[in-house]
Every structure is written in structure tokens, then in C-alpha cells.
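Please look over the model shown here. The report below covers a loop residue, a helix and a cavity.

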Amino acid sequence: MNQETRGAETQQPHECLQSRRQVATAARIVVKVGSSSLTSVAGGISEDALEQLVGVLAQRRLAGTEIILVSSGAISAGLLPLGLARRPKDLATQQAAASVGQGLLMAHYNKAFTSHGVTASQVLLTAEDLTRRHQYVNAHRALERLLNLGVVPIVNENDTVATHEIRFGDNDRLAALVAHLVKADALVLLSDVDSLYDGPPAQGATRISQVNSPEDLAGIVIGSAGKAGVGTGGMATKVQAAMIAAETGIPALVTSTSQAAAALAGEDVGTWFGINGNKRPVRMLWLAHLADIRGRLVLDDGAVRAVSDRHKSLLPAGITAVTGDFDAGDAVELSDAHGTVFAHGLVNYRHSDLPQMLGRSTKDLAKDMGRGFERAVVHVDDLVLLNVPATA
């Protein structure tokens, strides 16, 4: 059976799914699995856990659905061969573990997928690959071609070369950006927790079946990384990744790896994050959720209204204070006079340049300091709004 025939009974790609039931017929799905789901008690990769997951994904691939797997586990896989008892904290040792573990992880995946007659491939990405136009286009083209050839791309952050400043930080958020990159119909985030709860499950908490907006999670305390210490994420990063996807038109499901088959079958498992926004450029997703924020600009009420309500560039006349140590091109946060951060932007000046510019018009600055000071502090094309505060 050729690829076109296998996919004939699925939806056309890029339709917006309205409920978890439609995952059963989705044409393109990004699945993310965490380190804790792939690691054995003795350390290293759990072959049984990996093979069970691959069995579920391979079956769906052979049924016609395009699957992109975002897999953690490279650093964890490298711990045992290097004689490390736990995940290292320093970047250099993390990179060394990733270098050793990535090949081991892919060897297991290739063996498992091949046993089902499915071809898998390795795709390593850095934040720059998804935030710079040229690399973004290349990544998109490569993944599309792999999917067209019936391959299951296995994506991971390129931990061996990534630095603290340009890292995604965890594969949950990477998965959300990959879902955006390939225009997936849905994002499924798998871990060792079966759902989001309104409190500690051991204390009788109630499962949260569906989230339609951030307001649905008001007052709920969401946990961080688990006790195993082999991953960087936790429920908090999964919720953030699910919200990133949902806010850009891609629904997400958060559940456990043991529920993977049920999740892909559209059954009532996990927590479903319904779409509540439209797709926007991946560069803006990075700026809103992943950029390394190096400082803060405090705005007066007029500037807050200009930026948030009228979508204008930020001019020096509306800035009242500057904090942080940043260069031109760095990401900064914008806040109102009460300290409420409502936007992120890429600043056009060094932190040391700005104090002498505050409260002044660009015309006066150009006259006194030169034409180079006539531009906006943050251009509207380099600015993304977060939660906009009310202004008087």
C-alpha cells in the first residue's frame, strides 16, 4: 500500500481539531516523550518502554498518519556509559552525555521502528534553527520531505552544541515550536503523569479534562520536574508548551506514555488544551516564551497604551526607567509603572545608551546625538504582547 492510499482515510492536513476525539483521524501529529518515560530504574534506556511506545507510533504511521516524534533521553542515555549517577548540572558535562547518549538512543529507535517496517530519522535542532529565517526554511523543507517519504523524524535539541543563551531549555517547548513548524493537526505531550490535576493526585485531586483558556487554570499550582532527576521539564513546562500550541491554533493533549495508544485513538484521557488563538510566526513564539530576557524597560501610561492598544513601536519618550545589562539586539521585557510585564521586545540600543534618551523625542535625540539615535527603542515588528494590563 503506498503512502497516498494509507493516508486516504485521514483528515486533510492542517484542519483545526475541535475535540480530542478527532485525534483519531488527524493527518499529522507531533508526539513528545520525556526522559522519565524512557529511563530504566537501573539507569540508561528502558528498552521495554521505548519499544512499547514505538509500537503505538508505528501502528499509527502505517495507518496513514504522519508522525513526528520529539524525544528527550539523549543526556539520560549517556549517564550510565559515562559512570554518572545523576544528570549533571554543568553545561559541558551535559553536552558530553548528550554526545554519547544521542547515538545510543537513535540506535534503539531505529531497531524498534525497523521491526515494524517503518523508517526513522534523526533531526537535531537548536533555537537558532527555528528563529532565523534561513535555518527555519531549511528545517521546514527537510521535515516535509521526510514526512512525504513516509519517515518518522525523531527530533531532539542539539544539546552537544547548544549554549545556555540559545537553548530551548526543555523538549516540551521545542515540541510546541516543531508542531508550529510542520503545521501539525495536534500536539501530544507524554510523560509519567496521566493528566493535569487541580492538586496533588495522592491527596484526592480531581483530573482537569479540558483547558480552553489560561483563566481555566487560575489558582491551580502546577508541579515542576519529578524526583527522578533525569529530565528538565515537569508538568509546568508541559502546560506552558500546550498553551503555546493552543494559542497558535494547534490543540494539545497532555497525558502519560502508558496512555499513548488511547490518546492517539481519541479516547477520554489526559488534559485537552483547545485552541484559543491563531498561528503566528515562530520568531514571535520564541520571543514570547523562550528568549533570554536581559533587562526591563518601564513605560509610562501613554507608552503602554501606544504599544499595547495601538500596536506602535516603543519610543524613548515613553520610557521612565531601565534595568538590566543588555546589548542592541537582546530581548527585554516591557512593564507598566506598577511592574506588570505586558510585552517582550528586541531592543535597538545598549543599556548604557538609554538613560540619556529617556523622555526625549527621536527628533531631539537625532539633533543632539546623531541620526543613529532617531530610531525606535523597540520596533513594532520586534515586539510581542503578553497579558496586556489595564491602563487609566
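## A loop residue

In this predicted model, Val 347 sits in the loop that runs between strand E12 (341-346) and helix H13 (362-369). Is Val 347 buried or exposed? Val 347 counts as buried, because its relative accessibility is 0% and the cut-off for buried is under 20%.

Which residues does Val 347 touch, leaving aside those up to four places away in sequence? The contacts include Phe 326, Asp 327, Ala 328, Gly 329, Asp 330 and Val 332. Leu 354, Val 377 and Val 378 are also touched by Val 347. Leu 314 is 33 residues from Val 347 in sequence. In space, the C-alpha atoms of Val 347 and Leu 314 are 9.4 Å apart.

## Helix H3

Helix H3 covers residues 47-62, 16 residues in total. From first C-alpha to last, H3 reaches 22 Å, close to the 22 Å expected at 1.5 Å a residue.

Buried residues in H3 are Leu 50, Leu 53, Val 54, Gly 55, Val 56, Leu 57, Ala 58, Arg 60 and Arg 61. Gly 64 follows H3. The phi of Gly 64 is positive, near 115°.

## The cavity

How many cavities of 30 Å³ or more are there? The count is 1. The largest cavity has a volume of about 30 Å³.

Leu 38, Thr 39, Gly 44, Ile 45, Gly 73, Ser 76, Ala 77 and Leu 105 line the largest cavity. This lining divides into 4 nonpolar and 4 polar residues, with no charged ones.

Methods
Residues are numbered from 1 along each chain as its sequence is written. This is a predicted model: local features need pLDDT of at least 70, side-chain atom pairs count only at pLDDT 80 or more; totals for chains, interfaces and linings use all residues. Side-chain values use heavy atoms; hydrogens and water are left out. Helices (H or I, at least four residues) and strands (E, at least two) are DSSP runs, numbered from the N terminus. The expected span of a helix is 1.5 Å times one less than its number of residues. Buried means under 20% relative accessible area, exposed over 50%, partly exposed in between (1.4 Å probe, protein chains only). Contact means heavy atoms within 4.5 Å. On a 1 Å grid over the protein atoms alone, a cavity is a set of points where a 1.4 Å probe fits but cannot get out, and a pocket is an open set with protein on both sides within 12 Å along at least five of seven lines; lining residues have an atom within 4 Å of a point. Grid points are joined across faces, edges and corners, and a volume is the space filled by probe spheres set on the points. Ala, Val, Leu, Ile, Met, Phe, Trp, Tyr, Cys and Pro count as nonpolar, Asp, Glu, Lys and Arg as charged, and the others, Gly among them, as polar.
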